[in-house]
Amino acid sequence: MTCPKCGKRAIRFTKWFKGSNAFATTCESCSANLRANQTTVWGFVVTLLVMIPLVVFAAATYDKSMGPEKSWRFVAVAIPALIGAAITYAKGGYVSKDQ
Ligand SMILES: [Zn+2]
(Lines give C-alpha, C1' and ligand atoms only; values in the text may rest on other atoms or scores of the structure.)
Protein backbone atom coordinates (compact mmCIF):
# COMPACT_ATOMS: atom_id res chain seq x y z
CA MET A 1 0.00 0.00 0.00
CA THR A 2 1.63 3.21 -1.13
CA CYS A 3 1.06 6.64 0.33
CA PRO A 4 -0.74 9.08 -2.04
CA LYS A 5 1.35 11.96 -0.66
CA CYS A 6 4.95 10.68 -0.77
CA GLY A 7 4.54 7.65 -3.07
CA LYS A 8 6.42 5.38 -0.64
CA ARG A 9 5.10 2.34 1.18
CA ALA A 10 2.65 3.58 3.81
CA ILE A 11 2.37 0.38 5.86
CA ARG A 12 3.85 -3.14 6.04
CA PHE A 13 1.54 -6.09 5.29
CA THR A 14 2.18 -7.64 8.73
CA LYS A 15 1.02 -4.42 10.45
CA TRP A 16 -1.82 -3.84 7.98
CA PHE A 17 -3.10 -7.43 8.35
CA LYS A 18 -3.73 -6.90 12.07
CA GLY A 19 -6.84 -5.02 10.97
CA SER A 20 -7.17 -1.76 12.83
CA ASN A 21 -4.62 -0.09 10.55
CA ALA A 22 -6.33 -1.29 7.39
CA PHE A 23 -8.95 1.49 7.32
CA ALA A 24 -6.99 4.36 8.82
CA THR A 25 -3.29 4.72 9.41
CA THR A 26 -0.39 7.13 9.44
CA CYS A 27 2.20 6.87 6.65
CA GLU A 28 5.44 5.29 7.91
CA SER A 29 7.44 7.58 5.60
CA CYS A 30 5.84 11.04 5.76
CA SER A 31 3.35 10.72 8.67
CA ALA A 32 0.37 11.72 6.48
CA ASN A 33 -3.04 10.78 7.90
CA LEU A 34 -4.51 8.19 5.56
CA ARG A 35 -7.78 6.33 5.20
CA ALA A 36 -8.64 3.32 3.06
CA ASN A 37 -9.80 3.96 -0.51
CA GLN A 38 -12.89 2.35 -2.07
CA THR A 39 -10.92 -0.59 -3.52
CA THR A 40 -9.71 -1.54 -0.03
CA VAL A 41 -13.20 -1.25 1.49
CA TRP A 42 -14.70 -3.38 -1.30
CA GLY A 43 -11.89 -5.94 -0.90
CA PHE A 44 -12.90 -6.34 2.73
CA VAL A 45 -16.60 -6.58 1.88
CA VAL A 46 -15.99 -9.29 -0.74
CA THR A 47 -13.64 -11.22 1.57
CA LEU A 48 -16.27 -11.12 4.34
CA LEU A 49 -19.02 -12.25 1.96
CA VAL A 50 -16.87 -15.25 0.98
CA MET A 51 -15.96 -16.05 4.59
CA ILE A 52 -19.37 -15.81 6.27
CA PRO A 53 -20.87 -18.94 4.60
CA LEU A 54 -17.60 -20.83 5.22
CA VAL A 55 -17.61 -19.90 8.92
CA VAL A 56 -21.31 -20.82 9.23
CA PHE A 57 -20.66 -24.15 7.49
CA ALA A 58 -17.60 -24.91 9.62
CA ALA A 59 -19.47 -24.09 12.84
CA ALA A 60 -22.68 -25.90 11.84
CA THR A 61 -20.89 -29.11 10.90
CA TYR A 62 -18.47 -29.04 13.85
CA ASP A 63 -18.90 -31.79 16.39
CA LYS A 64 -17.02 -31.83 19.70
CA SER A 65 -16.51 -35.58 19.30
CA MET A 66 -14.40 -34.90 16.24
CA GLY A 67 -10.70 -35.17 16.78
CA PRO A 68 -8.09 -32.58 15.89
CA GLU A 69 -7.85 -34.10 12.41
CA LYS A 70 -11.25 -32.53 11.67
CA SER A 71 -10.13 -29.03 12.58
CA TRP A 72 -8.89 -28.59 9.00
CA ARG A 73 -12.22 -26.91 8.28
CA PHE A 74 -11.22 -23.90 10.37
CA VAL A 75 -7.92 -23.72 8.52
CA ALA A 76 -9.96 -23.83 5.29
CA VAL A 77 -11.80 -20.69 6.47
CA ALA A 78 -8.49 -18.91 7.11
CA ILE A 79 -7.18 -19.57 3.58
CA PRO A 80 -9.72 -17.37 1.70
CA ALA A 81 -9.28 -14.73 4.43
CA LEU A 82 -5.53 -14.67 3.77
CA ILE A 83 -5.98 -14.68 -0.01
CA GLY A 84 -8.59 -11.90 0.22
CA ALA A 85 -6.33 -9.85 2.47
CA ALA A 86 -3.32 -10.35 0.17
CA ILE A 87 -5.30 -9.28 -2.91
CA THR A 88 -6.79 -6.31 -1.06
CA TYR A 89 -3.33 -5.25 0.16
CA ALA A 90 -1.90 -5.58 -3.36
CA LYS A 91 -4.75 -3.81 -5.17
CA GLY A 92 -6.05 -1.44 -2.49
CA GLY A 93 -4.64 1.82 -1.31
CA TYR A 94 -5.11 4.90 0.78
CA VAL A 95 -6.33 8.43 0.27
CA SER A 96 -5.12 11.36 2.32
CA LYS A 97 -7.38 12.63 5.12
CA ASP A 98 -5.64 16.00 5.03
CA GLN A 99 -7.06 17.13 1.69
ZN1 LIG B 1 3.71 9.13 2.87
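Predicted model: local features only at pLDDT ≥ 70, side-chain atom pairs only at ≥ 80, totals over all residues.
1. The mean pLDDT of the protein chain is 87, and 93% of the residues reach at least 70. Looking element by element, β2 comes out highest with a mean of 94, while helix α2 (residues 20-23) sits lowest at 78.

2. On the overall layout, the protein chain has 4 helices and 3 strands. Read from the N terminus, the order is α-α-β-β-α-α-β. The chain is more spread out than a compact globule, because its radius of gyration is 17 Å, well over the 13 Å that the globule rule gives for 99 residues.

3. The box tells you about the proportions: along the principal axes, the C-alpha atoms fill roughly 55 × 20 × 15 Å. As for burial, 15% of the 99 residues are buried.

4. Now the sheet. It is open, built from 3 strands in the order β1-β2-β3, with antiparallel pairing. β1 (24-26) and β3 (94-96) are the edge strands, each with a single partner, so one side of each has no neighbour in the sheet. From one strand to the next, the twist averages 35°.

5. If you want to check the β1 pairing yourself, look at β2 (residues 33-36): the two strands run antiparallel and are joined by 3 bridges.

Note on methods. Residues numbered from 1 in each chain as written. Pairing = 2+ DSSP bridges. Axes fitted to C-alpha atoms, helices over the stretch in contact; angles between N-to-C directions. pLDDT = per-residue confidence, 0-100. Rg over C-alpha atoms; globule rule 2.2 N^0.38 Å. Buried ≥ 20, exposed ≤ 12 C-beta atoms within 10 Å, placed from the backbone.
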